Amino acid sequence: KRVAILISGGGSNMIKLVESMTGEHAGRAVVVGSNDPDAGGLAKAAAMGVPTFAVDHRAYKGDRAAFEAALLEPLLAAEPEILCLAGFMRILTPEFVSRFEGRMLNIHPSLLPKYPGLHTHQRAIEAGDAEAGASVHLVTPELDAGPILGQARVPVLPDDTAETLAARVLVQEHRLYPEVLRRFVRGDQTPVRLTAA
Ligand code: GRF
């Protein structure tokens, strides 16, 4: 299956996804795109031999539909069958989502349905949660709300800051997303449940 990945920054999750698609894996990374031409992940994707593109959202000054029309062009040119959002920080319109609904995944750094949106780790700490983690879900028009395909749990430690918790969660994201994708490309939506090793 042809897999496209969208990033906004360093792309650590994208790197793990691309690295996982080798050998008998039914997925193949066909393109990595970004809303930021300076996203560090673009160079890393190119170094792994994956074609890349960037459409700078700042060039569309809040005209979300125009930005998405520009993004769709190189994206659809790669003829993706599955779209993975990985550290992609733009909210997509329902029209864009509907084009990929059922075959578009996202990773969110919380145990959804808790803490959709931003600052998830700070919110978990402030709530006194004993656990935190990440979720991979199918993308639907409602933000961070689609069916969950996998979750990874980590303990929240007494002296955790948002940064230390984020680092612990990120390690699990890098295990979770590749495992969810490996199953998803084979049509297996059995939820993945990981706990910190
Ligand atoms: C990660 O916390 C991920 O959960 C969120 O974006 C952050 C950075 O991801 N979606 P990456 O390193 O760019 O993959």
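Predicted model: local features only at pLDDT ≥ 70, side-chain atom pairs only at ≥ 80, totals over all residues.
Which loop does P113 lie in? P113 lies in the loop between β5 (104-108) and α5 (120-126). L112 and P113 are joined by a cis peptide bond. Its omega is about 10°.

E79 is found between α3 (64-77) and β4 (82-85). Its phi is near 50°. That is a positive value, and E79 is a residue other than glycine.

Now step back to the chain. UniProt lists residues 1-181 as "domain: Formyl transferase N-terminal", in an unreviewed entry. Over residues 1-181 the chain is 36% helix and 23% strand.

Where does it sit? The space it takes is the largest pocket. Two elements each give two or more residues to the shell around the ligand: α1 (12-20) and α6 (162-184).

Which residues surround the ligand? They are G11, S12, N13, G87, I107, P109, L170 and E173.

Begin with G11, which is found in the loop between β1 (2-7) and α1. A backbone N or O atom of G11 lies 3.1 Å from an oxygen atom of the ligand. Move on to S12. Here the side chain takes part: one of its N or O atoms is 2.6 Å from a ligand oxygen atom. Then turn to I107. A polar backbone atom of I107 is 3.4 Å from a nitrogen atom of the ligand.

How much of the ligand does the protein bury? Taken alone, the ligand exposes 360 Å². The protein buries 77% of that area.

Finally, compare the model with the record. In an unreviewed entry, UniProt lists G11, S12 and N13 under "binding site". From this set, the lining of the largest pocket takes in G11, S12 and N13. G11, S12 and N13 are also among the residues that surround the ligand in the model.

Conventions:
Residues numbered from 1 in each chain as written. Heavy atoms only, no water. Near = heavy atom within 4 Å. Polar contact = N/O pair within 3.5 Å; in protein donor to acceptor, adjacent residues only side chain to side chain. Areas by Shrake-Rupley, 256 points an atom, 1.4 Å probe, with all protein chains shown as cover. 1 Å grid on protein atoms, 1.4 Å probe; cavity = no way out; pocket = protein on both sides within 12 Å on 5 of 7 lines; lining within 4 Å. Sits in = over half its atoms within 2 Å of the grid points. Helix = DSSP H or I, 4+ residues; strand = E, 2+ residues; numbered from the N terminus. UniProt positions renumbered as here; feature names shortened; annotations may be inferred.
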